[in-house]
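This report is written for a reader who is meeting the structure for the first time. Please look over the sequence and the model before reading on.

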Number of protein chains: 4
Amino acid sequence: MVSPSTIQPKPPEHAVLLVSGPDQKGIVATVSDFVYKHGANIVESEQHQDVDLNLFLMRLEWDLDGFDLSMAEFHRHFASIAERFQMKWRVALTSYRPRVAILLSRLDHCLADLLYRQKDGELHCEFPLVISNHPDAKRWADFYEVPFFVVEVEKQNKVEAEAKMLSLLEQHKVDLVVLARYMQILSAAFIHRFPHSMINIHHSFLPAFIGAKPYHRSYERGVKLVGATSHYVTEILDEGPIIEQDVIRVSHRDTLGTLIEKGRDLEKVVLSRAVRWHIENRVVVYGGKVAVFD
Amino acid sequence: MVSPSTIQPKPPEHAVLLVSGPDQKGIVATVSDFVYKHGANIVESEQHQDVDLNLFLMRLEWDLDGFDLSMAEFHRHFASIAERFQMKWRVALTSYRPRVAILLSRLDHCLADLLYRQKDGELHCEFPLVISNHPDAKRWADFYEVPFFVVEVEKQNKVEAEAKMLSLLEQHKVDLVVLARYMQILSAAFIHRFPHSMINIHHSFLPAFIGAKPYHRSYERGVKLVGATSHYVTEILDEGPIIEQDVIRVSHRDTLGTLIEKGRDLEKVVLSRAVRWHIENRVVVYGGKVAVFD
Amino acid sequence: MVSPSTIQPKPPEHAVLLVSGPDQKGIVATVSDFVYKHGANIVESEQHQDVDLNLFLMRLEWDLDGFDLSMAEFHRHFASIAERFQMKWRVALTSYRPRVAILLSRLDHCLADLLYRQKDGELHCEFPLVISNHPDAKRWADFYEVPFFVVEVEKQNKVEAEAKMLSLLEQHKVDLVVLARYMQILSAAFIHRFPHSMINIHHSFLPAFIGAKPYHRSYERGVKLVGATSHYVTEILDEGPIIEQDVIRVSHRDTLGTLIEKGRDLEKVVLSRAVRWHIENRVVVYGGKVAVFD
Amino acid sequence: MVSPSTIQPKPPEHAVLLVSGPDQKGIVATVSDFVYKHGANIVESEQHQDVDLNLFLMRLEWDLDGFDLSMAEFHRHFASIAERFQMKWRVALTSYRPRVAILLSRLDHCLADLLYRQKDGELHCEFPLVISNHPDAKRWADFYEVPFFVVEVEKQNKVEAEAKMLSLLEQHKVDLVVLARYMQILSAAFIHRFPHSMINIHHSFLPAFIGAKPYHRSYERGVKLVGATSHYVTEILDEGPIIEQDVIRVSHRDTLGTLIEKGRDLEKVVLSRAVRWHIENRVVVYGGKVAVFD
């Protein structure tokens, strides 16, 4: 997600506009007409109307070649349209690589997966830092040349630990925080600093098995599928808007061990899809859930 | 499930033996040796060892051609082996067609599906009767020539209604009760009459969305998959051993209506698989969950 | 698909516009502006840009309440926009129920499934007739009160049989032909009469197992998933644009029989989804493949 | 796969016996009785009868604690049983870590995935070497401290290159060769050296898109799912026994690029499952296909 101040001076290629607001006649026509008149060549566009909530959502991506507005001018001009339709909106350049922090505890499969995908070009972002409450993941950070910080968390130092992490995140100008199996509970104050910009992976098909040890509870319950859920973090545990979910079949032949191993493969893809959609500005939150314009 | 008294005199082809008990050395050898010595030609066999529970489960299916024991003799002989290994067991003939009652309320997609599969030869069972608290399903019962009974349920006549249903089920010598979207809550007393022989279809991925209106709650929560679960009915609502589950992908593009329609396709397959495995004696309940020897 | 002549006089509620053509600046703006100026309240809209083919596709659905053009006027006015952008287009009213003919041979699971879904309100269409080369399906046609015709096909009467079927389809003003496990090969001449308006279900994951007996060949090859594919029928066998596909897991434990039974569940959903998307005007064919605006 | 000579002197824990042969009465009883009499505590057992081929397959895993035969004695004693039933068989110790060579070209996602899973304990094997025709993968080999060899392949040096690779594989006493996106075609002579012990990952749902550029052809054909297949390598390209397959949904919204990225996630899991089942002695080849005793 790009706020105006973080737009970089480099020559951008595409712009992405995300808008949401009360559904009204003429929104598509007005917005399309505006970008068209300024020379935009639209390469992707999708709208969604939520009839129950009388809500309109739109994602527009256009080639900036031939577009006659600078981003500053776009902000000025578009503000009045947005006001007229009471829309929330943001615009981003695809040349901008969002700055993503990864937090984890001991299990490093999601970390290794995210770092690989970024190196491979699948995730168009920067990883300015990795934070863990354990030193184990350092080898991965070193391998990918990402700064690595250990912030130990004990019962008595929670406040200090969070303060230290916040300071690191600010210092590194982080746009998105990814909890890639970070097992410490974060305070409401911390979470509030990252509204719809902190993504967690929970190792169950939410809302089944909210809370601790979902794999163990899945195994004990005898479910025939295990799942994983990536969601925005909100104050209430595992209750934030769901971005992506997937499941895999298990049977009585699975031990707890093989069930966990199957689940890990899910966690990786379910988390990486959410991160990707977020950094490509494809996710819009509305009414406690999300639309993914993929 | 076949109790000795319901075994029919017709020439059987295969026998199925299901055993469960504490895991001990020599069980497979002893049981295999016993059936071999009496001329059994094994066509399917599977065992399962649950290490945590120290439990042994086994399903054995053999061709009766050349087998030198009658079922009565088998019962007599096998009883001592079972006693020695403290095993629970049952034996069934595949020529026996279990007698299955279908209960439903208004929605008839599962009913129509089960009746089709039986007619088509996929479900090797009899449907001696269909019971509903609404008259609507009669057209299906008539089409498939299955006796149909309306047992209306009102707040003030619940006891009488259940008594009437029980009487119908007994009269028709029912082995298995299938709740194919039957929306009335059954009493513990009623449920106790069908231990591990009453199967329900719940329209969510249990344990997510236990209770009423799971599709509505799935839609509101913004899940990315909807599910269905077939399970044995026990006293505690939606808490019985899970036999089968499946899910289908939904997105923000789905309305509540299309989400429900997608879910219905799941319900049909998830329920029919459970019924099939049950009547083919492929399901063993242990520790609150099931093994399916498919 | 609705040609102008088949639009019914009944009060319509929504209109659907499908357009495709070379991608150019201003298409979305121009089309949106046009419908907006005439009072359209857009309820669904989606565009697709195929960069490789330089192609633009769009589906627009709007509430006709407040729309100030009759369909005749719309045709007149929109024609010039379409010409300007060299677009192919069609418009349909959601109040119109497309007239769908079902053709089948012996296997009736897809027939029964389609008829059920239409009765249940899931498929918004009419079934004016069912044609089979066997009399067996009559019971289903009778149950759903759909006219049923047997057109026997022998080697020596293929031409006459097709002529008879064509005559029936014309007489019943059919918009779409569904081959619901119709096992006779149709002539190119026959197929040409239904361009992108004849849907077939093939019981494999195309292009694997093109041609006869795909289940048998899947079983022999030892695949770990079996599939089903619904596609528009073109002259070359099983080569038409694919509308939908799905698969289900099989293993060495499956016999050919259980593999076929699993496949049939797929066939039903894969065919019914294609029929639904087609009659809801959600399918656009381009470059030998389809976009589904679901 | 463990040949007697490679069984290590270290204290083993479990033994796995795989047998296959013509189906006959008494096989299960005889084999079970044999291992029981020698004190085996069976922890997993599964049989499969292929009725069409009159074939019997069995996998037996037992705890060696209390088993009174050494592996040498087991071989001697079991040989006569095997002869009596005309069975092919092999026995392995789970303490033995099969020696697996990974071959790859440029794409390293499968390599990185396999190395991670082994380090993490999911794959119980050794990777004595990695061979590539490009130097790029060295960073992974170094990271995991696996010896890395570049064997360049040009049209004119194919024979020498294969000879060099064979020599490396022999020198490192390799039990299994994994082609983890190795893009060179291997000669029949090379392949013959690894009967049912060379696994390839093909990036399509075989037999669809046999041969080169399956993702490109999938994209052009407009399939709605892309797949991946792991199989034993035999002389005929992409025709060997299939071990595992999986698919993922794509749509017109996917570019060739995102289709390939989705496919890569499949390749990793589909290949790693095959490798795991192979090294855990869970795969039996019969009649051109495989049974997986998972």
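## Cis peptide bonds

In this predicted model, C:Pro207 sits in the loop that runs between strand S9 (198–202) and helix H7 (214–221) of chain C. The peptide bond that leads from C:Leu206 into C:Pro207 is cis, and its omega is near 10°.

Chain B has a cis bond to describe as well: the peptide bond from B:Leu206 to B:Pro207 is cis, with omega near 5°. The loop that holds B:Pro207 lies between strand S9 (198–202) and helix H7 (214–221) of chain B.

## A positive phi in chain B

Another loop of chain B, the one between helix H2 (71–84) and strand S4 (88–93), contains B:Gln86. The phi of B:Gln86 is near 50°, which is a positive value in a residue other than glycine.

## Two helices packed together in chain C

Within chain C, helix H1 (residues 27–37) packs with helix H2 (residues 71–84) at an angle of about 165°, and the axes of the two helices are 11 Å apart. Angles over 145 degrees count as roughly antiparallel, and H1(C) and H2(C) are therefore roughly antiparallel to each other. The crossing of H1(C) and H2(C) is right-handed.

On the side of H1(C), the contact is made by C:Thr30, C:Val31, C:Phe34 and C:Val35, while H2(C) contributes C:Phe74, C:His77, C:Phe78, C:Ile81 and C:Arg84. Sorted by class, the residues in this contact of H1(C) with H2(C) are six nonpolar, two polar and one charged.

## The interface of chains A and B

Between chain A and chain B, 38 residues of chain A are in contact with 38 residues of chain B. The area buried between chain A and chain B is about 3000 Å², and carbon and sulfur atoms give 48% of that area. Of the area that chain A buries against chain B, 24% is supplied by A:Arg221, A:Lys224 and A:His252, which is more than any other three residues supply.

How many salt bridges does the rule find across the interface of chain A and chain B? The rule finds eight salt bridges there. A:Arg253 forms a salt bridge with B:Asp294, in which the closest N and O atoms are 3.5 Å apart.

## The interface of chains A and C

Chain A also meets chain C, with 22 residues of chain A in contact with 22 residues of chain C. The area buried between chain A and chain C is about 1800 Å², of which 49% comes from carbon and sulfur atoms. Across the interface of chain A and chain C, the rule finds zero salt bridges.

Terms used:
Residues are numbered from 1 along each chain as its sequence is written. Chains are lettered from A and ligands numbered from 1 in the order in which they are written. This is a predicted model: local features need pLDDT of at least 70, side-chain atom pairs count only at pLDDT 80 or more; totals for chains, interfaces and linings use all residues. Side-chain values use heavy atoms; hydrogens and water are left out. Axes are lines fitted to C-alpha atoms, for helices over the stretch in contact, and angles run from 0 to 180 degrees between N-to-C directions. Helices (H or I, at least four residues) and strands (E, at least two) are DSSP runs, numbered from the N terminus. Angles under 35 degrees count as roughly parallel, over 145 as roughly antiparallel, 65 to 115 as roughly perpendicular and the rest as oblique. A crossing is left-handed if the near helix is turned anticlockwise from the far one by less than a right angle, and right-handed if clockwise. Contact means heavy atoms within 4.5 Å. Ala, Val, Leu, Ile, Met, Phe, Trp, Tyr, Cys and Pro count as nonpolar, Asp, Glu, Lys and Arg as charged, and the others, Gly among them, as polar. Buried area is the accessible area (1.4 Å probe) that two parts lose on being put together, summed over both. A salt bridge is a side-chain nitrogen of Lys or Arg within 4 Å of a carboxyl oxygen of Asp or Glu.
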